[in-house]
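Here's a quick briefing to read alongside the picture. Have a look at the overall shape before you go through the points.

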Amino acid sequence: MVMLNFDDVNRKNKEAMDTVLKSYSETAKGFQAIAAEAVDYSKKSFQDTVTHFESLSGARSFEAAFELQTNYVKTAYENFVSEATKLGEMYSDLAKSAYKPYEAPVAAAAAKAMKTAPVVAPAAA
């Protein structure tokens, strides 16, 4: 007969709740950092666009306007790729930190399940 130890159950429930709350807190901070980064990029991108159109309106020839536009598009693309890479890394780090608190309990549960799993012999052919 298995006796239920309420103290152990309460302690494990508290540990689980603490893990969940810590994970949610870290996840929220990660999303806030991503949102702040996206806002900063959007502001800078908008300002770069405004500056570009101001300089474009002052172009004296088609060739000068073409060169300004070409440089702007190249720079905008490079900035976008850089920002996309940075945001991708931030999302990856967020996913890793969100999983971190569950890593040890999941590994322990998997190890326990492997120890108690019945061994099935292969069927004869």
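The protein chain has a radius of gyration of 28 Å, while a compact globule of 125 residues would come in near 14 Å. Keep in mind that this is a predicted model. Its C-alpha atoms fill a box of roughly 90 × 50 × 15 Å along the principal axes.

**Helices and contacts**
- If you go looking for strands in the protein chain, you'll find zero, but there are two helices.
- Take the contacts in the protein chain between residues at least 6 apart in sequence: 72% of them join residues at least 24 apart.

**Surface and burial**
- The protein chain exposes about 10300 Å², and 65% of that comes from carbon and sulfur atoms.

**Charges**
- The protein chain carries 14 positive and 16 negative charges.

- You'll find E83 in helix α2, which covers residues 62-116.
- Is E83 buried or exposed? E83 is buried, and it has no salt bridge.
- The nearest side chain of opposite charge to E83 belongs to K86, 5.4 Å away; a salt bridge needs the side-chain nitrogen within 4 Å of a carboxyl oxygen.
- Setting aside neighbours within four places in sequence, E83 is in contact with E37 and Y41.

Conventions: Residues are numbered from 1 along each chain as its sequence is written. This is a predicted model: local features need pLDDT of at least 70, side-chain atom pairs count only at pLDDT 80 or more; totals for chains, interfaces and linings use all residues. Side-chain values use heavy atoms; hydrogens and water are left out. Helices (H or I, at least four residues) and strands (E, at least two) are DSSP runs, numbered from the N terminus. The radius of gyration is taken over C-alpha atoms; the globule rule is 2.2 Å times the number of residues to the power 0.38. Contact means heavy atoms within 4.5 Å. Accessible areas come from the Shrake-Rupley method with a 1.4 Å probe; for residues, only the protein chains shown count as cover. Lys and Arg count as positive and Asp and Glu as negative; His and the chain ends are not counted. The place of a charge is taken as NZ of Lys, CZ of Arg, CG of Asp or CD of Glu. Buried means under 20% relative accessible area, exposed over 50%, partly exposed in between (1.4 Å probe, protein chains only).
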